[in-house]
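Please have a look at the chain before reading on.

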Amino acid sequence: MLLSLRAEQVHFPRPSDGRTLTHFDWTPIRYRNVISVLKNPFYAGAYAYGKSGKQTAIVD
């Protein structure tokens, strides 16, 4: 995956102003960027709307 993203010249944002995170520099993708995206549950779809719902059953 890393090699294909590098071949496509994909760049990732990198904070350039320290902790305020208001300015970013776009740098070539690195291995750690790919791993952080793959391991992040948000990108994996774990935070889907309505994932945990309640079901009601009527019992006589």
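## Overall fold

Keep in mind that this is a predicted model. The chain holds two helices and two strands. If you trace the elements from the N terminus, their order is α-β-β-α.

As for how the chain contacts itself, take the contacts with a separation of 6 or more: 26% of them link residues 24 or more positions apart.

## Surface and burial

The chain has 60 residues, and buried ones make up 10% of them.

## A look at Asn-33

Is Asn-33 buried or exposed? Its relative accessible area is 12%, and because buried means under 20%, Asn-33 counts as buried.

You will find Asn-33 in helix α2, which covers residues 31-39. Once neighbours within four places in sequence are set aside, Asn-33 is in contact with Phe-12 and Pro-28. Pro-28 belongs to strand β2, which spans residues 24-28.

## Confidence

The mean pLDDT of the chain is 80, and 82% of the residues score at least 70. Which element has the highest mean pLDDT? That is strand β2, at 91, while helix α2 has the lowest mean among the elements, at 85.

A friendly reminder for any reading of the model: where pLDDT is low, the predicted coordinates should not be read in detail.

Conventions: Residues are numbered from 1 along each chain as its sequence is written. This is a predicted model: local features need pLDDT of at least 70, side-chain atom pairs count only at pLDDT 80 or more; totals for chains, interfaces and linings use all residues. Side-chain values use heavy atoms; hydrogens and water are left out. Helices (H or I, at least four residues) and strands (E, at least two) are DSSP runs, numbered from the N terminus. Buried means under 20% relative accessible area, exposed over 50%, partly exposed in between (1.4 Å probe, protein chains only). Contact means heavy atoms within 4.5 Å. pLDDT is the predictor's confidence in each residue, from 0 to 100.
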